[in-house]
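I set out to record what I looked up in this structure, entry by entry.

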Amino acid sequence: MKALIPVFFLGLFTTAEAQTIKFVTEEYPPYNFSTENGPSGAAVDQVKLIMERLKLPYTIEVLPWARAIMLAETDPASCVFTTGHDAERDRKFQWVEPLLVDHMVMVRHANSNIAPSSLEDAHKYTIGTQREDFSAAYLVEHGFPKIDYAANLDSSLKKLIAGRVDLLMTSEKTFESMRTEGKPVEAALVLEGKLYGIACHRDFPRETVAKMRHELDRLIGNGTQDQIFKQYGLAPNASLQAEK
């Protein structure tokens, strides 16, 4: 098996690490989530197809988001997804994108009359998000004074439904999935479009990153990515490409 490992791995990883690329993600349906048969989701399926084409050994593990992104920052064999790409994160990772292009949206309980007219108007409300999540960084960057942090999306959603937070920050595609599942939520404020991808450690082999990018481009170009989104009840990326 070792003879099959490309030369660029050697000297960077230990022998054990060289045999496996470690992908980490979080519970964030419909993109990544646990099932009895292992990780699944619209982003997970793309990662699996990329790695099947590259024929390199890999694992995918679902973890709390803070731990997942920490591993990608500290372990040269690790990549984390589905990761929002912003200025702060840009310099920390090498990127394979887009796994999706999406708007962010502030979501309210269906029985709520909360209706912020602007981002500034939303500052008076308590906003739910997840620790180390892209949306959390966005809220901090834009000066939100009342941010409620949870370990995962499910906890944030439960707080919203219970009235413990006023609004929940998430992606538009995730919001659409919530509605499809019958969750009592409504869009309160739609924000700008964002790019999400695979974020690999800065010392992860650049040749492998380039090959992963090539395979993701192929999935997008031949329509496979949009077919995956359709399987999970999501709108295709194509409609959002012009907004990147």
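I took contact to mean heavy atoms within 4.5 Å. I worked from a predicted model, in which local features need pLDDT of at least 70, side-chain atom pairs count only at pLDDT 80 or more, and totals for chains, interfaces and linings use all residues. Residues are numbered from 1 along each chain as its sequence is written, and side-chain values use heavy atoms, with hydrogens and water left out.

Entry on Ile198. Leaving aside neighbours within four places in sequence, I found Ile198 in contact with Phe23, Val47, Ile50, Cys79, Val80, Phe81, Gln94, Trp95, Val96, Leu99 and Met212.

Entry on the cores. I defined a nonpolar core as a set of buried Ala, Val, Leu, Ile, Met, Phe, Trp, Tyr and Cys residues joined through side-chain atoms within 4.5 Å; buried means under 20% relative accessible area (1.4 Å probe, protein chains only). The largest such core has 55 residues, and Phe23, Phe81, Met106, Ile198 and Met212 touch the most other members. A second, separate core of ten residues includes Leu63, Trp65, Ala72 and Val80.

Entry on the disulfide (a pair of cysteine sulfur atoms within 2.5 Å). My search of the whole structure returned one: Cys79 is joined to Cys200, S to S 2.1 Å. The link is right-handed, with 100° about the S-S bond. Cys79 lies in strand 5 (residues 78-84) and Cys200 in strand 10 (residues 185-201), 121 residues apart; I took strands as DSSP runs of E, at least two residues, numbered from the N terminus. Cys79 is buried at 0% relative accessible area, and Cys200 is buried at 0%.

Definitions and conventions:
Buried means under 20% relative accessible area, exposed over 50%, partly exposed in between (1.4 Å probe, protein chains only). Helices (H or I, at least four residues) and strands (E, at least two) are DSSP runs, numbered from the N terminus.
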